[in-house]
Amino acid sequence: MKTIERIEQYNEVIQHGKVIMMFTADWCPDCQVIKPILPEIEEQFSDYTFYAVDRDQLLDLFTAHNVFGIPSFIAYENGQERGRFVSKDRKTKEEIVAFIEHLGERDE
């Protein structure tokens, strides 16, 4: 998973193709629980590019996008937000997969 370092980078990468942003932090125990399964999810949904956004480095970005719980996910396609899985609750692999699969259903 690639890492977003600056707000400008975030704004640029969401403009091109299918992108999923994972909002996270090193100190977040729920984020650490799902970390080992993320490569499997990335492989399963290879039509998306996945990025990690660290809360402590980019707090203004979290606030601007109303992300108050982590881990959380926002999906974009060519600059348009396609969906979000944002809450303070722990996410399971099945929930994350279902969220991404539902994004594809919106095209039909």
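Residues are numbered from 1 along each chain as its sequence is written, and side-chain values use heavy atoms, with hydrogens and water left out. Because the model is predicted, local features need pLDDT of at least 70 and side-chain atom pairs count only at pLDDT 80 or more, whereas totals for chains, interfaces and linings use all residues.

The structure contains 7 salt bridges, a salt bridge being a side-chain nitrogen of Lys or Arg within 4 Å of a carboxyl oxygen of Asp or Glu. One of them joins aspartate 47 to lysine 18, with 3.3 Å between the closest N and O atoms. This pair connects distant parts of the chain, 29 residues apart: aspartate 47 lies in the loop between helix 3 (38-44) and strand 3 (48-54), and lysine 18 lies in strand 2 (residues 18-24). Helices (H or I, at least four residues) and strands (E, at least two) are DSSP runs, numbered from the N terminus.

Aspartate 47 is partly exposed at 45% relative accessibility, and lysine 18 is partly exposed at 22%. Partly exposed denotes the range between buried, under 20% relative accessible area, and exposed, over 50% (1.4 Å probe, protein chains only).

A further salt bridge brings together the side chains of arginine 55 and aspartate 56, at 3.3 Å from N to O. Arginine 55 is partly exposed at 29%, as is aspartate 56 at 45%.

Arginine 82 and glutamate 77 also form a salt bridge, their closest N and O atoms lying 3.3 Å apart. Both arginine 82, at 23% relative accessibility, and glutamate 77, with a relative accessible area of 23%, are partly exposed.
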